[in-house]
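Please look over the sequence and the model below. The paragraphs after them go through two ligand sites in turn.

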Amino acid sequence: MKKTLLIGLVVAALVCAFALPNLSAATKAPADMVLKAPEGMKAKKSPVAFPHGKHEEMLKDCKVCHHTFDGTGEVKGCAAAGCHDQPGKKDKMAFYKAFHGKDKKTCVGCHKAEKKGPKSCKQCHPKKK
Ligand code: HEC
Ligand code: HEC
Ligand code: HEC
């Protein structure tokens with residue numbers, strides 16, 4: 001009896017160790033990220049530190065930010081083709097608009113609405129470039 005239980009536990013542990021990383025590989029982001037403009041877009045501001053893990057814990061729902069994610073499959077980056085991949089500030093699909101503006105899906109929009117988190121340029125873009 002004890003032996004079968006032990007074997008059962010070992011098997012369960014092995015299944016977890018191998019199955020979990022595979023399952024989450026496409027949907028797991030690093031806890032701390034540094035965001036920057038895509039190659040080819042001339043960045044005017046310095047890269048932005050983004051505690052992804054902290055936001056995951058706080059907000060629970062991935063779709064708050066990943067608003068095209070259907071809950072399964074791959075999570076796309078903001079500047080994926082056909083998404084926020086346009087330069088400048090004016091275009092509806094401008095890269096800039098994914099992070100700033102009144103929409104609560106954006107960094108600045110949510111921080112202003114929640115009255116929490118960094119709101120000034122310098123807090124997020126600490127250096128000139
Ligand atoms: C507060 C907003 C926010 C929340 C909530 C959030 N993410 Fe993210 N996530 C981001 C941003 C911003 C990036 C960087 C995207 C980029 O580089 O273009 C990112 C990147 C990722 C990436 C890497 C994608 C890539 O290839 O660039 C994965 C995977 C990911 N998130 C998964 C998740 C999952 C799973 C959840 C829910 C448990 C989640 N995220 C919740 C904002 C968020
Ligand atoms: C839907 C809401 C929401 C979105 C979207 C969001 N945040 Fe936040 N963020 C928060 C809240 C709420 C806090 C305050 C957490 C606290 O004070 O404990 C915060 C805090 C932060 C902090 C400070 C963390 C700390 O440890 O003090 C940083 C940096 C930050 N956010 C960056 C970003 C960036 C960059 C983005 C966009 C890529 C973003 N956030 C998008 C809600 C959001
Ligand atoms: C809550 C954090 C946050 C705040 C506050 C913020 N930004 Fe950003 N900004 C980002 C993120 C994230 C990106 C995307 C990553 C990158 O390009 O550095 C970005 C990108 C940009 C870009 C496009 C890329 C580039 O470097 O040219 C510009 C321009 C910009 N921000 C200007 C500003 C200005 C001006 C302010 C103040 C009015 C500001 N940002 C405030 C987070 C923020």
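A polar contact is a pair of N or O atoms within 3.5 Å; within protein, one atom must be able to donate a hydrogen and the other to accept it, and residues adjacent in sequence count only if both atoms are side-chain atoms. By that rule, a side-chain N or O atom of H66 lies 2.8 Å from a nitrogen atom of ligand 1. The side chain of H52 likewise has an N or O atom 2.8 Å from a nitrogen atom of ligand 1. With C78 the contact runs from a backbone N or O atom to an oxygen atom of ligand 1, at 2.8 Å.

This is a predicted model, in which local features need pLDDT of at least 70, side-chain atom pairs count only at pLDDT 80 or more, and totals for chains, interfaces and linings use all residues. Residues are numbered from 1 along each chain as its sequence is written, chains are lettered from A and ligands numbered from 1 in the order written, and side-chain values use heavy atoms, without hydrogens and water.

Around ligand 1 there are 18 residues, counted if a heavy atom lies within 4 Å of the molecule. Helix α2 contributes four residues, the most of any element; helices (H or I, at least four residues) and strands (E, at least two) are DSSP runs, numbered from the N terminus.

What coordinates the iron atom of ligand 3? H100 and H125 do, each through NE2, at 2.0 Å; donors are N, O and S atoms within 2.8 Å of the metal (3.2 Å for Na, K and Ca), and water is not among the atoms, so sites may look incomplete. H100 lies in the loop between α2 (52-59) and α3 (107-114) and H125 in the segment after α4 (121-124), so the pair ties together parts 25 residues apart in sequence.
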